[in-house]
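Here is a short briefing on one protein model. Look at the overall fold before reading on.

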Amino acid sequence: MTWRADILTLFPEMFPGPLAFSLAGRAETRGLWRLAAHDIRAFAEDRHRSVDDTPFGGGAGMVLRADVVDRALGAVADGRPMICLSPRGERFSQAMARDFAAGDGLILLAGRYEGIDQRVIEARDLREVSIGDYVLAGGEIAALVVLDAVVRLLPGVMGAAESAVEESFSGLLLEYPHYTRPAEWQGRAVPATLLSGDHAAINAWRRAEAERLTRTRRPDLWSLYQRQVAAAAPADPVASADNAP
Ligand code: SAM
């Protein structure tokens, strides 16, 4: 079955946007995934086709109405996970992208204004997902980010040339640096090991660089990695003998 994404938005013309290009665009042309954007306003029922109203309790801005959003969700709901893009949601990650790619597709709700009436988030059991600790004007760019990360992991989308096996977040290490021709540029030489043809030495250099970058840039990942390495190490035979009953 083709992996399908439906996006509910006030700005359907923003899609497919960048997803029409490169890897994701080619994959859609090849039928590996499908995208449909739906205008939330089409589900408004009053004369003015209003989708929002002022917040109960006062305060700035407008809130997307539960009844309108619920009708829009009802039109596409079919058991696929329903995501509400929100800055207060669970942080999007590579692990989440892998989970989404393993399913049948996603339904994504892009908010605008102050956000969405809480009752429809609860009634439809929407999973709130954030792409980071900052506030965007709307959920459309967040939906594009989620889809860009998920689509490239769908079976058949990446060829060997674009393998995800060694890249950042595939394990606990950030990826090592890359270099290409020319071998010297503005007085900067490519690290000699990479030109040596010695694959064991190249792998060791890349592993050391991945460890250095993770240790200096992401101490959170580094401590998880160290724990993983310690857990995988064989028990010290001397210490075991000492502790033997
Ligand atoms: N009043 C909200 C708050 O403070 O949490 C911010 C609303 S924001 C201006 C409008 C919409 O943009 C949200 O409903 C959400 O769909 C989207 N959005 C903003 N920042 C986001 C983020 N970091 N991740 C995912 N979606 C985001």
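This is a predicted model: local features need pLDDT of at least 70, side-chain atom pairs count only at pLDDT 80 or more; totals for chains, interfaces and linings use all residues.

Residues are numbered from 1 along each chain as its sequence is written, and side-chain values use heavy atoms, without hydrogens and water.

**Overall form**
- The protein has eight helices and nine strands (DSSP runs: H or I of at least four residues, E of at least two, numbered from the N terminus).
- Its radius of gyration, taken over C-alpha atoms, is 24 Å, whereas a compact globule of 245 residues would be near 18 Å (rule: 2.2 Å times the number of residues to the power 0.38).
- The C-alpha trace spans about 75 × 60 × 40 Å along its principal axes.

**Surface**
- Buried residues make up 37% of the 245 (under 20% relative accessible area, 1.4 Å probe, protein chains only).
- The accessible surface is about 14600 Å², with 54% from carbon and sulfur atoms (Shrake-Rupley method, 1.4 Å probe).

**Nonpolar cores**
- The largest nonpolar core holds 31 residues (buried Ala, Val, Leu, Ile, Met, Phe, Trp, Tyr and Cys joined through side-chain atoms within 4.5 Å).
- W3, W33, F92 and L108 touch the most other members of this core.
- Elements that each supply at least two of its residues include strand 1 (3–9), helix 3 (94–102) and helix 5 (140–151).
- Helix 5 gives the largest share, eight residues.
- Another core lies apart from it, with 20 residues, among them L73, L109, I116 and L126.

Technical notes:
Buried means under 20% relative accessible area, exposed over 50%, partly exposed in between (1.4 Å probe, protein chains only).
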